[in-house]
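Please keep the sequence and the structure at hand while reading.

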Amino acid sequence: MIENENTWANAIQTNSQDQFHKKFDSALESLKNEFGKQYPLIIGGKEIFAEKTFDVRSPSDTRIILAKFPLATKEQTYLAINSAKQSFAKWSTTSYQSRAKTFREVADQFSEEKFTLAAIVSLENGKNRLEAMGELDETIDFLRFYADQLESQKGFVNVTKNANPNEKTQSVLKPYGVWGIISPFNFPSAIAIGMSSGALITGNSVVLKPASDTPWSAFQFVNAIYKKIPAGAIIIVTGEGAIVGQTIVESKDVSGIAFTGSKQVGLAGFRKFTNNSPKPFISEMGGKNPVIVTQSADLEKATDGVMRAAFGYGGQKCSACSRVYVQKQIAPQFLEKLISKTQNLKIGLPWEKDTYLGPIINDSARKKFESAVQLAKKDGKIVFGGEILKEGMYQNGYYVKPTIVSNLPQDHKLVREELFLPFLCVQEFENFEHAIKEANDSEYGLTAGIFSQNRNEIDEFFSKIEAGVTYANRAQSATTGAMVQSQPFVGWKNSGISGKGAGGAYYLTQFLREQTQTVCNET
């Protein structure tokens, strides 16, 4: 068992919140000297700078160029895959104890540097400072937990019962080879590093392609570990998905892929990657996550939990609550409380101390928000929000008001499709069975929550809800905030392919394949 990092919770417990904020402010100030720096690809243990680069701009203020990263070519991506392939033999035969030790060293380094690393997250993807630090805590937890898992399972070597007295047998889980890691913008540290760690610590070599909006955080991990392991065992290649990502997916030398992103891209990648031969494809592909609020619910807890789950990080989490089913008798009171709390959320520069909600990620997201608002006005009722913020401090970023919509039919596009925005659909129900049915009436099955004081309703919810990560009466967040080792993060239905959760006991086994070994002692 690992001790979770829990930086902010520990600051509260030790009454050191002021020190937390001072450290974060100091880290932000020091990073200003790094703005605009050009970063390399890392291939075969070497830093490779490119002629063509792209600017990584802060979504909070697009005038700020945070970094410049290479636009890798197909040829460079082929080189990266080949380099990873060449390094596999040496890395895969490195002892599991040595691999675990390396990961713990990087975890300790990240723990020492976490304020700087969290500030990078806040700058590049718009998370407020507490959310950003929470992400770094999760990153560190992944590194330590997977090292702990590898050692507790003794490298996944298990002696089995002998088939006959003259034989000795064992089952060994072995790495596949080269893994492509394709990560999203919303958790540029935790998801990029978590997926990479799962593949790498089990002895595979890794080619990491981070989201182009947020490559800076992923680079920190590769830069921290690549000199500690065989050259080429981990590689980072940045650039366009249509070039870098597609080349990885189409390569016959890539043995497995771990992907987090949209259902459309994930399923297309899965079909392409497994078209000619069966190969592992681990994916998490989003959600349309429901919360049920019954008439017995504590409305203070329910509104807190829904608001935080729906609007934390602007709804740009795979686990964000985007649908609420409220029992008809309490719907007016629930909405009144939810609106009152939502309208008091501070929207602004995410790295500032009191900001709750920063920007959404880019102009495409803002256009999607605008389209969703127009559709909601046409077919339902916007009870709060629906505005793009453009004036004053908001003019250089992608800021919108969190939005609450009611009176939409269950089969409406906004109720059924993942938006990845601070956009919440509130539906009413009379019968609890009907609420469960409507909550399950989705192609997704990632997270779900319930608020009820009725134990029978809670038991029925857990029994019948079709989602991988479920919560009851969780005021801190109704559907988000899964903790490594405590709450494995796994999607059902179109939310995932493997059915095994990140940060859980079964995650690492996905990056390994079994070999039975029998030694006969007959003469």
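The axes of α15 and helix α16 (residues 455-464) cross at roughly 30° and come within 11 Å. Angles under 35 degrees count as roughly parallel, so α15 is roughly parallel to α16. The model is a predicted one.

**Helices α15 and α16**

- The crossing of α15 and α16 has a right-handed sense.
- On the α15 side the contact uses F432, E433, I436 and N440, and these meet E457, E460, F461 and K464 in α16.
- Sorted by class, the contact of α15 with α16 has 4 charged, 3 nonpolar and 1 polar residues.

- The structure holds 2 cavities of 30 Å³ or more.
- The second largest cavity has a volume of about 60 Å³.
- Its lining is made by 15 residues, and P290, A439, Y444, G445 and E466 are those that lie nearest the centre of the second largest cavity.
- Two or more lining residues come from each of β13 (289-293), α15 (432-440), β20 (444-445) and β21 (447-451).
- The lining of the second largest cavity has 7 nonpolar, 4 polar and 4 charged residues.

**The largest cavity**

- The volume of the largest cavity is about 80 Å³.
- Of the 15 residues that line the largest cavity, G315, A320, S322, F420 and L421 lie nearest its centre.
- By class, the lining of the largest cavity divides into 8 nonpolar, 4 polar and 3 charged residues.

**Helix α7 and its two partners**

- Helix α4 (residues 96-112) and helix α7 (residues 190-201) have axes that come within 10 Å and cross at roughly 160°.
- An angle over 145 degrees counts as roughly antiparallel, and α4 and α7 are therefore roughly antiparallel to each other.
- The crossing of α4 and α7 is right-handed.
- From α4, the contact is made by R99, A100, F103 and F110, and from α7 by I193, S197, L200 and I201.
- The contact of α4 with α7 has 6 nonpolar, 1 polar and 1 charged residues.
- Helix α6 (residues 129-152) packs with α7 at an angle of about 10°, and the two axes are 9 Å apart.
- α6 and α7 are therefore roughly parallel to each other.
- The α6 residues E135, E138, T139, F142, L143, Y146, A147 and L150 meet A190, I193, G194, S197, G198 and I201 in α7.
- By class, the contact of α6 with α7 has 8 nonpolar, 4 polar and 2 charged residues.
- I193, S197 and I201 of α7 take part in the contact with α4 and also in the contact with α6.

**The second largest pocket**

- The second largest pocket has a volume of about 1,100 Å³.
- It is lined by 44 residues, and F259, T260, G261, S262 and V265 are the closest to the centre of the second largest pocket.
- The elements that give two or more residues to this lining are α9 (241-250), β11 (256-260), α10 (263-273) and α13 (363-379).
- Which element gives the largest share of the lining of the second largest pocket? That element is α10, with 7 residues.
- The lining of the second largest pocket has 19 nonpolar, 16 polar and 9 charged residues.

Terms used:
Residues numbered from 1 in each chain as written. Predicted model: local features only at pLDDT ≥ 70, side-chain atom pairs only at ≥ 80, totals over all residues. Heavy atoms only, no water. Axes fitted to C-alpha atoms, helices over the stretch in contact; angles between N-to-C directions. Helix = DSSP H or I, 4+ residues; strand = E, 2+ residues; numbered from the N terminus. Parallel < 35°, antiparallel > 145°, perpendicular 65-115°, else oblique. Left-handed = near helix turned anticlockwise from the far one by under 90°. Contact = heavy atoms within 4.5 Å. Nonpolar A, V, L, I, M, F, W, Y, C, P; charged D, E, K, R; others polar. 1 Å grid on protein atoms, 1.4 Å probe; cavity = no way out; pocket = protein on both sides within 12 Å on 5 of 7 lines; lining within 4 Å. Points joined across faces, edges and corners; volume = space filled by probe spheres on them.
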